[in-house]
Structures are given as structure tokens and as C-alpha cells.
Amino acid sequence: MKTTLSGRRALAVAASVGAIALVLAGCARGETPPADGGETSGAVEPSPGITDTTLTLGISTPLTGGTAGPGNCTVDGAAAYFGTKNAEGGITFGDGKTREIEILKYDDEYNPEKSAANFQQMVADGVFAAGLGLGTPTNRSWREAAIDEGVPQVLVMTGDPIFSEREPGVMTLGLVPVYMQEGAAFGEALVADGQPHQVAVLYQNDDYGQGYVQGFKDSIADASQITIVKELSYEPSAQSLEGQMTELAATGADVLFHAVSVTPLAIADLQKAAALGWTPIWFLPSNTASPGGILTPAGVTADTYPGVYAAGFAEAAAAPPFAESPEGQAYFEAIAEYGSAGQDGKSFPHCVWSWIGAQILEQAFMKMTEPTRESFYEALTSITDFDAQFSFGPIDTTIDGSPAVQTVVLQKFNGAGYANVDVVG
Amino acid sequence: MSAVTAFLANRWVRLGVFGVVLVVLGVLPLIADPFTNQTIARIAVFAVAVLGLNIVMGYTGQVSLGQIFFVGVGAYCAAIPIRAWWGTDVYTWSIVIGLVLAIVVPGVIGLLVALAAARLRGLAIAMITIALPIIGVPLAKRFSDLTGGNEGLSVRRLPYGEGDAAGVGNPFAAPAGSGLANDQWQYYLVLLIAIIVFVLAYFLVRGRYGRAFAIVRENEAVAASMGISPYRYKVLSFTIAAVFGGIAGFLYIVALQYTSSETLSFGHSIELVIATIVGGAGSIVGSILGGAFYVLIPQITNALQLSDYTLVAQGVIILLVLFLLPGGLASLPRTIRRLARRRRGAHSVDAGDPAGSASVTTQHQVPTSKERNT
């Protein structure tokens, strides 16, 4: 009797479960019909994220956490630029329609898992194109997914050269010069000096540091008067580089190639060398060369070392001439109006980089003749001789393997800011 | 209230609820949009990682700050063979090999670490486990030929430019002929493995081992006096946590198809600990809620375009949970029941609710008489 009862109960459970399954299965997900219907022939089917009046741009970047400062800048520069343009009525596209640019921002906390999830969210939100985000792993994590989905991933702020490789069906493009270009700019200027130099190299043991060193070595390969006397590396999680600095100082090298990306380490190294009485010529990468953020806190003046050089590709918003120029004033006003709360636009160079990126996007918008991602990417990669505000050289996006901004200028620290130079010494 | 509790205590009703949940989970991806499926799959990934952490923290009472290390190692163990052999003769097997490695390698590492760490107590164990993510990131960067370093490793291969490519495509694309979209296929794969892990964990914590874990958590001296070796059970719980972490790593690859050294970083390990506490330490359902907390809060702040406030939102929720629901979100029904009982007790003398309280203690193996200090 008992077994029958439980058997009947089991049957009841199974029956109700089955009934629910049937009900749910009844409403299966409707597939979107393919867009080859007769009624749209002639006119091109617009891509997602673009209407006759708006275009939606997605930015996945670190907005919280340790990289939040530069990360917020990658949004604010573009938000300021397009905010100003929208207030003026929008941008006239190549197809004759005037559109406003909407920006959706997504926080990835510099976590590749979050940025990959953000891409899924961007697709669900229907963004037209994604880009301007900061970080190598955080952009790498959704590169293949973006290519598969046919979403342009453009003007990303990473020195990783893979984003600037041109292949059919791949819509990616980098914004900032690759690390190698910066290293090469210094190497070339050192060769141009003609004097013998002994170089000590300190680099971060990842794609960042190795990229700088590779570019530098390639550029001095034919110059026999320049020798690398010692190369030391460190892991990005290192808390102090005193050991490395002492060892390099002992070589007595007259040049220090300092491919260090961590702000506190860079400050400590600049102090350490002076304390050891070692006064080489310094090379600093663009993200640890800020006069206000690095050199002044380290107590470096124009006379501390024979020369402190950095490679740059955009004007520094912190330098006085920038704020005095009309373009600079317009930039600061736009940042104050459309940027996130507390953004001054000059603490991190990424705000200016993002502003430059927005100008390049505007060029592409003005050239694209159809409201499709393909047309946009084609327009974006056919820009030549465009003089963007705050950029040191013309923008050329047509070169395979090169990001949008290529002109890297070597600069020498003069006590307050940087001045462009051609030769070291 | 007691009628509801008694109804829920019925074995058939509970089996039925489990069945309904399974059916809903089984049918949902066919109806829902891709993003919903992807979101649920990601919740399942982190629910498994949190479940592992819960075994060691919630059930055995040992603080582990290294869980993300096992997730990261599991992800590498899955990604490396799949990437290397996808498209070769062993291509379908490469996924199986990846899964096996993602279980075995983190398990062995977890066992070795636990053999040393479990000799210590309390915060000393936490200090040892901190070391894992801290050495994990530089280690992954040092072996960048294998791991892809900072640039990471994608198991999707594009049809160009990667000369060493054996095969092209996405190993976790829906097989031709299945009639499923990729997001649906990945959803089913992740959910299937996650549900198996959860069922195993359910029986583990309800059985002999679960009782032993609970005694070790409450008092190691008492455990030893009862013939339960605290050392052995701590090692066991650590190893299980590591294995679950490794499986979560495999699922991470199924859901996202990418990993990098950044995945291993220490901050994410703390986020997992927080997810465990918010979801509910020592609770199976709490692990799912913890995974949902980990995935959904950033997603919601993104959707509201308030992502600058993600950390603030998480902080507020953590504080609210700590103050109002020390047992985590999973203890919400229990707290409501207790409040209701207290109110009823004020009105009538008949405050004792034998059926209700009995079901509470059977429902949760651990004693609920006093708030557990997690």
C-alpha cells in the first residue's frame, strides 16, 4: 500500500514537472528573420546601434579600482568632445544625416573577465562600435568575440600591436603608439648623437617592458658605439627596485633605459640614483614621465641629471602653454561640462588621448557613406594627413600594423615641462 | 507559517521543487535572449568557485584567501590543451583532457598546500593562502610561452595570422546539427557541470563528512576527542575547495573562452570571499546567491550607467548583510521565520513550533541555535 502511494506521488510530481516543461517549451525563442527580404532591397540594412539621429558607442574600461584614474579619462575625453559636438547639433555623417553620439560606459575594474562580460552586455545593449578602452588583457579578452560578432573594436588604448593588424573581416584598430615605437624613438635619438654610450636597461618583465626594450634594441642594432652593459628586469608586483638600481649604478653606465610602468617605483628609482651619486641620462616611458606626477615628487630638477627624456605623442594638458591656447581652453571647458565628477582633465594623459580618439572617430563618421559597421571601419582605416588637436603629427590610419597615432616625439625635461628634441645630449 | 514549513519539509515536495527548477533552467535558454543565458552561465561559473570556498570557509570554518588561484590554474589547465590541440586528431578529446587537468592539477596543488597550511589555525592559514594569488600572477607572467602572460590566452582561433594554429574556430561553438545557438550550448555545458558539482556538494555536506566538517569548525579539540582528525578534515576540505575552484576555471573557459594572468590577481580572491559571506557561508543556496552577487551587481550598475558606483553599491550591500543578515542572503527565509515566530510568541503562549524548528535543523545540518561566526 505504501509503495503504491509513493509511486502515485512520484507520478504526480513527474506529471506536473512535465506539464510545466510543455508550457515553457511552447514559447521558444523567436529567431530574427534574415534581412534579405525584398522590401529592403536597394537600401542598406543599418547595423545595430545606429539610427537616423543617433549612434551609440560603447566603452569598456576600468572605472573603479587601481586603474580608475586613467580609465575614467578614456571615457571623459570622448564624452567631452562628443558632448560639445552634440550640443552644436550633432555630426553630419557621410550619408548626409546628422547624428548625435551617445556613449555607454562599462566598468571592467581592469579585470578581463569583467570586460568580456561587458562586451556581451554591449551586444545586448546594441552598441554600434566599441573602443577607446584601456588595457591589454581587458581588450584581449573579447577581441575574438568582437570579431565573431562583427562589432568594431577600435582605437583601443593598448600598446599591443595585435589590434592594428589588418585582416579581412577583422575590425580592430589601436589608438596609441605601440611600446616599441617609443623605445625606438629614444634609440634613434641616441644614435644621432654620434657619441659612444654605455646603456643600463631596467624593464618590467611583461609585454610592456619587453616591447620598449625590443624597440630600443632594434634601433641601435647598427650603432657599434652604443653598448648595453647590463640588463635587469623585475616583476610588476615588485615593491622596490633598490637592488636592481644599485647593481645598475655599479656599472657606471651613462644612460639608463628605464622601462618601468609603476608610478611609485619610478619615483623611488629617480631618488635612488641621485642618492647613489649616479647621474645617467634617463629615458622614461610616456606613462611614467609626468612632470607633476613623477619628476617633481621625486625631487628632480633640470640639473639633477644630464637629461631626462621621454617619448610622447600628445601635448601634455598639465603644461602651461596648453591651458593658454584656445583649443586647450575649449578642452578644459568641455571636460568640466561633460566629464565625470572631479575630472580635471590633466592628471592623466589619457583624457587628451581620448579627445584625440574622438576626433579620429568624427573623421570616420563624416566619411562613412552607409549606416553600417563595415562602412564605418572602412572610413576609419582610410584617414590620411589628418591634423588632430593636441597630436604631434598627422594621423594616418591606412598603414597595416600601425595604430592610428604614429608620430612619436622625443622630449627633454626642462624643469617644468617637456620640450621636443631630435638628438640626445 | 508552520503549515508552509511542514509542506516544504515534505520530501516529495522538495524533490518536486528541485525538478521544477531543473526544468525551468533547462527550458529557459530556449526562450531567453543570449545575454540572459550568458549571464546565468557566468553566475554558474562563480557559484561553483564560491561553493568550493564555502566548503572550506562556511562548512569547515577555515579562512582561505587563495580560491581565485585555483580558478585561474583551472582555466589555464583547460585553455592550454584545448588551444594546443583544437583541430587536430584529438580535438574533441582536448576538451575532456582540459576538464580532467582542470580537476587534477588544482586538486594536487590544493592538497600539497593544505598539507602544510592545515597544520596551522585561524589567521595563520589565511596568511598561507594569501601567498597563492600573490605568487600566481608573476608565475603566470614568467611562463608566458605557456600562459600568454599579460596578453592572455584565447581558445578561439581566428583563421589567419597565427601560424602555429592547428585548428580554427571556437571550441565551444554549438555543434552543427544540435540546432542550438552558441550561447545556448555554452549555457547547457556550464549548467550541466555546475549542477553535478552542486549535487555532489549537497550530499557531501549533509553526510558523514559534513558533520565532521561542522565539528572541526566548532571546536577542533572536541573533534579530536571524538576521533575526528581536524588536520585530515581540513586538508580534505581544502582539496575539495581547490578541485571546485579548478572546475570553475574550466567553466570560465567555456563561458568566456579567454584567460590571462590578471585573472589570478589577489583582489578577485577577496571578491570571492565577499561573495561567499554575502551569499551565506555554510549554505548551498548561499553559494548560488554569492555567484549572482559577484556577477549581477557590476552588470546592474553598468546598465544604469552608474558603474563608477559599483564598489559603493557592493559595499552598502555587504554592510547591510553583515548587520541585518549575518548568515548571508540565504538566511533570509530563516530570519523571516524567526521574526514571525517571535511576534506570534508575543501573542500566545504556544511559541514552541516543533514541526517548524525540527525542519530547520534538518534542513541545515549545522545547528542554527546560535548565529555562526563566519
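**Helices, sheets and a chain contact in a predicted model**

Chain B of this predicted model holds 16 helices and 2 strands.

Visitor: What percentage of the residues in chain B is buried?
Guide: A residue counts as buried if 20 or more other C-beta atoms lie within 10 Å of its own. Among the 374 residues of chain B, the buried share is 46%.

Visitor: Among contacts in chain B between residues at least 6 apart in sequence, what percentage joins residues at least 24 apart?
Guide: The contacts considered are those in chain B between residues at least 6 apart in sequence. Of these, the share that joins residues at least 24 apart is 76%.

Visitor: How are H8(B) and H11(B) oriented to each other?
Guide: Helix H8 of chain B covers residues 182–206 and helix H11 of chain B covers residues 230–256; their axes lie 9 Å apart, at an angle of about 170°. Angles over 145 degrees count as roughly antiparallel. The two helices, H8(B) and H11(B), are therefore roughly antiparallel.

Visitor: Which helix gives the most to the side of chain B that touches chain A?
Guide: The contact involves 44 residues from chain A and 42 residues from chain B. On the side of chain B, the elements that give two or more residues are helices H2 (11–31), H3 (34–59), H6 (123–142), H13 (284–303) and H14 (310–324). This side of chain B has 18 nonpolar, 17 polar and 7 charged residues. With 10 residues, the element that gives the most is H2(B).

Visitor: Turning to chain A, how are H8(A) and H9(A) oriented to each other?
Guide: The axes of helix H8 (residues 242–249) and helix H9 (residues 263–275) of chain A come within 10 Å and cross at roughly 40°. The residues in contact are A:Glu242, A:Met245 and A:Ala249 of H8(A), with A:Asp269, A:Lys272 and A:Ala273 of H9(A); they divide into 3 nonpolar, no polar and 3 charged. The crossing is right-handed. H8(A) and H9(A) are therefore oblique.

Visitor: Which are the edge strands of the open sheet of 7 strands in chain A?
Guide: The order of this sheet is E8-E7-E9-E10-E11-E12-E13, with mixed pairing. The twist averages 25° from one strand to the next. An edge strand pairs on one side only, which is the case for strands E8 (226–234) and E13 (418–421) of chain A.

Visitor: Which residue of E12(A) is the bridge partner of A:Gly312?
Guide: Strands E11 (residues 308–312) and E12 (residues 409–413) of chain A run antiparallel and are joined by 4 bridges. Within E12(A), the bridge partner of A:Gly312 is A:Val409.

Visitor: What angle does the direction of helix H6 of chain A make with that of E11(A)?
Guide: Helix H6 (residues 179–193) of chain A packs on the sheet, touching strands that include E7 (197–204), E9 (255–259) and E10 (281–284). With the direction of E11(A), the direction of H6(A) makes about 130°.

Visitor: Which residue in E6(A) stands opposite A:Val156?
Guide: Strand E5 (residues 153–156) of chain A pairs in the parallel sense with strand E4 (residues 129–131) over 2 bridges, and A:Gly131 stands opposite A:Val154 there. E5(A) also pairs in the parallel sense with strand E6 (residues 172–174) of chain A, over 3 bridges. In E6(A), the residue opposite A:Val156 is A:Gly174.

Definitions and conventions
Residues are numbered from 1 along each chain as its sequence is written. Chains are lettered from A and ligands numbered from 1 in the order in which they are written. This is a predicted model: local features need pLDDT of at least 70, side-chain atom pairs count only at pLDDT 80 or more; totals for chains, interfaces and linings use all residues. Axes are lines fitted to C-alpha atoms, for helices over the stretch in contact, and angles run from 0 to 180 degrees between N-to-C directions. Angles under 35 degrees count as roughly parallel, over 145 as roughly antiparallel, 65 to 115 as roughly perpendicular and the rest as oblique. A crossing is left-handed if the near helix is turned anticlockwise from the far one by less than a right angle, and right-handed if clockwise. Two residues are in contact if their C-beta atoms, placed from the backbone, lie within 7 Å. Ala, Val, Leu, Ile, Met, Phe, Trp, Tyr, Cys and Pro count as nonpolar, Asp, Glu, Lys and Arg as charged, and the others, Gly among them, as polar. Two strands pair if DSSP finds at least two bridges between them. A residue is buried if 20 or more other C-beta atoms lie within 10 Å of its own, exposed if 12 or fewer, and partly exposed in between; C-beta atoms are placed from the backbone.
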